[in-house]
Structures are given as structure tokens and as C-alpha cells.
Amino acid sequence: MIEQTLVLVKPDGVKRNLTGEILRRIEAKGYRIADLKLVSPDQELLSKHYEEHADKPFFPALLEFMMSGPVVAVKLEGERVIEGFRVLAGVTDPTVAAPGTIRGDLGRDWGTKVIQNLVHGSDSPESAARELEIWFD
Ligand code: DAT
Ligand code: MG
């Protein structure tokens, strides 16, 4: 089934001029960019986006990091794209993310309070619908 997912190039990716490299990998995989914009998200938007993490110790650092610079928000479309982009991105911790993935090839531990891992991708059809509404409606 053709799906849509939310991809974010986080502030670390934009600052390091990796937006093009990240979008290149997404396009090379064959997914379609249905919409794209540069956003400076505020605390209200990010609190909604990351509501599942509100009680985590890293939540304040996560919001601070996500507000540290602009983010590229992408509405991405394709067959099984929700799962497919998560595989392309690699696991959360860039130190152990597999080589060949975005996080594994381009990310590492910088010793920061919150893990900086270049990209976000929705983790389920429910999350994708919820997050696309937050960022694109
Ligand atoms: P993912 O982005 O792989 O879906 P997540 O939803 O569990 O990971 O967490 C959201 C972000 O929060 C993640 O990209 C990086 C940060 N993060 C997650 N777990 C963390 C931890 N234990 N310590 C610091 N930052 C963390
Ligand atoms: Mg997540």
C-alpha cells in the first residue's frame, strides 16, 4: 500500500549542510517528495510532535536541540515508506547505526545531552498521520 511519512532533517543535518546528501539518499531509494519546507519549529509544535517523550529525562534537551536551528520537513510517499525510511535512517544511536544508513554513515556521538542523529522518521501509520497533520496542516 502506498503510504506517506514525515521525515525531518534535524538542525544538526541542516547546519552540517547534509540536507542535499540526505535527500539524495531518499530520492535514490525511489521515494517521492510530495511536499517539503524549511521550518523553525516552536515549543508548542515540538511538544506535540514529541508528546510520547514528555516524561523522559532528555525531553527538555530534545526540544532545545530541535529549536537550535531550522529543520527541513518532508512529506515522503511510497510503497511501505514508513518502514523503509526507518531502515534507510538506521537505529536511534548513530554510534551503532549500521554503515550504509544515514545515521550510521553521517552521524556519531558528540557528547551532547540529547542524541543528535540527523533525521526523524515516523514509526507507524498512526504516528505518520498524526505528525503530518502537525507539520503540514
Ligand atoms: P527515533 O528518532 O529513532 O524514533 P525516539 O523516538 O526513541 O528515536 O527518540 C526521539 C529522539 O530523542 C531521538 O531521535 C534522539 C533522542 N533520544 C532518544 N533516546 C535518547 C536517550 N536515551 N538519550 C538521549 N537522547 C535520546
Ligand atoms: Mg521516534
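How far from an oxygen atom of ligand 1 does a polar side-chain atom of arginine 103 lie? In this predicted model, the separation between a polar side-chain atom of arginine 103 and an oxygen atom of ligand 1 is 3.1 Å. Taken alone, ligand 1 exposes 510 Å², and the protein buries 77% of that area. The space that ligand 1 takes is the largest pocket.

**Polar contacts to the ligand**
- Arginine 86 places a polar side-chain atom 2.8 Å from an oxygen atom of ligand 1.
- Histidine 53 likewise has a polar side-chain atom that lies 2.9 Å from an oxygen atom of ligand 1.

**The shell around the ligand**

**The largest pocket**
- The volume of the largest pocket, which is the space taken by ligand 1, comes to about 380 Å³.
- Of the 16 residues that line the largest pocket, Lys10, Tyr50, His53, Thr92 and Asn117 are the closest to its centre.
- The lining of the largest pocket is made up of 5 nonpolar, 5 polar and 6 charged residues.

Conventions. Residues numbered from 1 in each chain as written. Chains lettered and ligands numbered in written order. Predicted model: local features only at pLDDT ≥ 70, side-chain atom pairs only at ≥ 80, totals over all residues. Heavy atoms only, no water. Polar contact = N/O pair within 3.5 Å; in protein donor to acceptor, adjacent residues only side chain to side chain. Areas by Shrake-Rupley, 256 points an atom, 1.4 Å probe, with all protein chains shown as cover. 1 Å grid on protein atoms, 1.4 Å probe; cavity = no way out; pocket = protein on both sides within 12 Å on 5 of 7 lines; lining within 4 Å. Sits in = over half its atoms within 2 Å of the grid points. Points joined across faces, edges and corners; volume = space filled by probe spheres on them. Nonpolar A, V, L, I, M, F, W, Y, C, P; charged D, E, K, R; others polar.
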